[in-house]
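Please look over the model shown here before reading the points that follow.

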Amino acid sequence: MNELKVSTTSAKVAEFVRKLQHVKEEKLDALAGKRDLYFA
Amino acid sequence: MKVSFPLLDNGNEYLLEIDTFDKHLLMDAGIDPSYEIYDVILKRISGNTISSMGALASLSAFLYGLLVDNPQAILYFFCDIRELERTPKNMKCTPQEYRSRLFSAMFEHETRLHPNVQWVNNRIILTTQDGSAYIHLITLQQNQPIVEQIKSVIAQQGKDELEIS
């Protein structure tokens, strides 16, 4: 796995992440049912 | 491109959706919107039993086939932060980190089956005041320079405020 870790206090990046989360939740909420797989 | 992959396994019904990533979000982040980035959405539609490894294998095989058939594609998976059902041993990490591990497990499973296919699982961990977000970009090696550009743009967004490790 190729990994990039970024820690930032940037409000712009925080806002970008919030937008990504919002878009994801909208798409998930548009589908019926539970949200995930469940592995033991 | 919009593709849906329904899957029935062990009494559970899943839906894997592949949809074009919102180009406005890319532009807002300063990323070139000409790349073919596809949003991966996975959801359980019905059933409440533990997901089998067979389900994992079917989903990862579908994603593998998608990339082979669309070699220019970059798959994007954002690990959302809502709580999810999991065993106590997996409660030490955040929901988004747990989802990231599952997504990587799918990738690694398929990689073992196709060792000659050069594809890359890029994980970006963005830690802000809200916590850590886990983002995966998966693509064939030939598109890795594009992914590196995207990662570079993301890393530059905070400029002097960033601490990159």
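1. Helix 4 of chain B, residues 144-156, has 13 residues and reaches 18 Å from its first C-alpha to its last, close to the 18 Å expected at 1.5 Å a residue. That expected span is 1.5 Å times one less than the number of residues. Helices (H or I, at least four residues) and strands (E, at least two) are DSSP runs, numbered from the N terminus.

2. This is a predicted model, in which local features need pLDDT of at least 70, side-chain atom pairs count only at pLDDT 80 or more, and totals for chains, interfaces and linings use all residues. Residues are numbered from 1 along each chain as its sequence is written, chains are lettered from A and ligands numbered from 1 in the order in which they are written, and side-chain values use heavy atoms, with hydrogens and water left out.

3. Among the buried residues of helix 4 of chain B are Val147(B), Ile150(B) and Ile154(B); buried means under 20% relative accessible area (1.4 Å probe, protein chains only). Seen down the axis of helix 4 of chain B, the buried residues fall within an arc of 135 degrees, so they line one face of the helix. The arc is taken from the directions from the helix axis to the C-beta atoms.

4. Helix 1 of chain A, residues 11-29, has 19 residues. Its buried residues include Val13(A), Phe16(A) and Leu20(A).

5. Thr8(A) lies in strand 1 of chain A and is buried, with a relative accessible area of 5%.

Methods. Buried < 20%, exposed > 50% of the residue type's maximum accessible area, 1.4 Å probe, protein only.
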